[in-house]
Amino acid sequence: MTSRNKPLHDWVDEVARLTRPKNIHWCDGSQKEYDDLVALMLDTGDLMELNRDTNPNCFLHRSDPSDVARVEHLTFVCTSDEKDAGPNNHWMAPADAHRKLDALFDGCMQGRTLYVIPYCMGPIESPFARCGVEITDSPYVVVNMKLMTRMGKEALERIEREGRFVKGLHSIGDLDPERRFITHFPEELTIKSFGSGYGGNALLGKKCHALRIASWQARAEGWLAEHMLIVGVESPAGETHYLACAFPSACGKTNLAMLIPPESQAGWKIWTLGDDIAWLHVGRDGRLRAINPEAGYFGVVPGTNAKTNRNAYEMIRHDAIFTNVGLTADKEPWWEGKRVGEPAIDWQGRPYEPGNGPAAHPNSRFTVDAKQNPSYSTLADHPDGVPLSAIVFGGRRRELAPLVYQAKDWAHGVLVGASVASETTAAAAGEVGVVRRDPMAMKPFCGYNFADYWSHWLSFEDRADDLPGIFHVNWFRQDADGQFLWPGFGENLRVLRWIIDRCEGRVGARSTPIGLVPHAEDIDVGGLAISDATLESLLAVDTGKWRNEMDEFGEYLDAYGERLPDKLREEHEAVREALAG
Ligand code: GTP
Ligand code: SPV
Ligand code: MN
């Protein structure tokens, strides 16, 4: 196979001249191709087959122990003008970045196969979908891209029809952390990633294309590319509302997107449209609509069990790729929080020793086709996507942020999103558990200056007739002993119900300086072991602490200088005044 598209053909030739592979393989996305690559990786040891009886068609990949998460300090946005990348990104001049990366790519595929992966982010027939081509020397990347995107023949046909695509060049290189760079050239719709085989660094359709490059394109074209799940909540009366929720990495998107209503919430149903990325457009109906550009999930394994997330637990029992989990003596996958079985081998392949740390890496992941999810919504394949009733921001905050509150209007909602802060997690290399600012959960993913991004968000007031309400949630408040105050997981539906009631004007709210907070009696806690005092503290707004928070946020905004939209400053001032008053 090859391509009739000359620019694509020429680019593959040019890359092959630089990287000097042994073979070139154009991916067609077929099941046979997937099976053949799995067989190849079983031979080379890149994959290990798991217990066939308990986990049919499941495989384990162990990555290099130095290569287990995204590397934000090695991730660059390379715009001609440094200011376009903004204080939120690491920047390199495009010419310098090309020179540096091309030197690393020089001859790097000798003895290896070069795979050409045409893929489409979004339903193939959707006007909102965008295509890309990833060139890689990693068969692990190919099989993951097959599960995560609409990959192969149909994507190539769309590329040949449209003639435009995002170019992504990837090599695992020698996995030396000193020779690892994830670079983006938004002006050239190009990505170059070298030296890592890990998800967000190597599956270029995901964070590199669908967020960093797409956010840039979205700004130019009048839409939004966001780190959001998309979920449908159907009431016992059959009314469905769609919500898009932005939480930072490993803060509960996958879990919320496939939530199972607890017994106390009989008759409610949850439909999953997406668990990580949403592209938002103003539809012909004047409403903000969302599509999920992905077709699979690359989800956090630890903590998944029959109680916290039965849908995910069942979904990953078959036809799944596991990365960096442990093993039981029977070769079943094992992870912390699985609650059944015992670890025998850890994620690095060593006999399990508690002294060596967890059996599964805290950022161990599963890859599965989204259609395996019992709550999969077929609307995920609808070219127009779904209309949003609410946008929900959230973070992992052991104190301060209440369980839920609503922004007063769109502009205030942009401030609420911009002021998201969250404790860091194992999804990125570095310290875990430190609160850092993560506006719209996009700190690692916005491909341009946050100041311009907030202006773009504010502009939707003029673009749409009917904008969703904006909310903020926090499932992670803790008591003095470090216990979570809110049970979370399936019980989060109770909070979604309040959000929907607000959207429908069915309940009132208490106005506070930070926004609209529920009256305690409007959150259904029937059947939960939550005292009135706990619910009160979950909904409390501590004015003194919020004053500090807003002062600190003001200093953060200062870094954006002149480019910061006045409107955002005004919203910030208004909250500060309300807190002072
Ligand atoms: P990325 O894939 O990194 O973008 O993460 P995500 O936002 O999809 O996070 P995910 O749903 O995988 O959750 C990450 C971790 O948070 C898991 O260990 C979950 O068990 C835990 N978690 C998710 N929801 C809740 C909740 O409501 N309460 C508590 N306490 N923990 C939760
Ligand atoms: C995240 O880190 O937010 C993820 C995993 O969803 S990765 O694909 O590695 O970005
Ligand atoms: Mn994510």
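The model is a predicted one, in which local features need pLDDT of at least 70 and side-chain atom pairs count only at pLDDT 80 or more, while totals for chains, interfaces and linings use all residues. Residues are numbered from 1 along each chain as its sequence is written, chains are lettered from A and ligands numbered from 1 in the order in which they are written, and side-chain values use heavy atoms, with hydrogens and water left out.

Taken alone, ligand 2 exposes 290 Å², and the protein buries 98% of that (Shrake-Rupley accessible areas, 1.4 Å probe). Its shell holds 13 residues, with R70, Y198, G200, K207 and S249 the closest (a residue counts if one of its heavy atoms lies within 4 Å). At least three of the shell residues come from each of domain 1 (6–46 + 74–221) and domain 2 (226–295 + 379–580), with bounds from an automatic or database domain assignment.

H227 turns up again at ligand 1, where an N or O atom in its side chain is 3.4 Å from a ligand oxygen. The backbone contributes here too: a N or O atom of A250 lies 2.7 Å from an oxygen of ligand 1, and a polar backbone atom of G252 is 3.0 Å from a ligand oxygen. Taken alone, ligand 1 exposes 660 Å², of which the protein buries 91%. Of the 20 residues around ligand 1, A250, K253, T254, N255 and R365 come nearest.

As for the domains themselves, the centres of domain 1 and domain 2, taken over C-alpha atoms, are 31 Å apart. Contact (heavy atoms within 4.5 Å) joins 35 residues of domain 1 to 31 residues of domain 2. The buried area, meaning the accessible area (1.4 Å probe) that two parts lose on being put together, summed over both, is about 2,800 Å² between the two domains, with carbon and sulfur atoms giving 56%. On the domain 1 side, N88, F128 and R219 supply 26% of the area buried against domain 2, more than any other three residues.

Terms used: A polar contact is a pair of N or O atoms within 3.5 Å; within protein, one must be able to donate a hydrogen and the other to accept it, and residues adjacent in sequence count only if both atoms are side-chain atoms.
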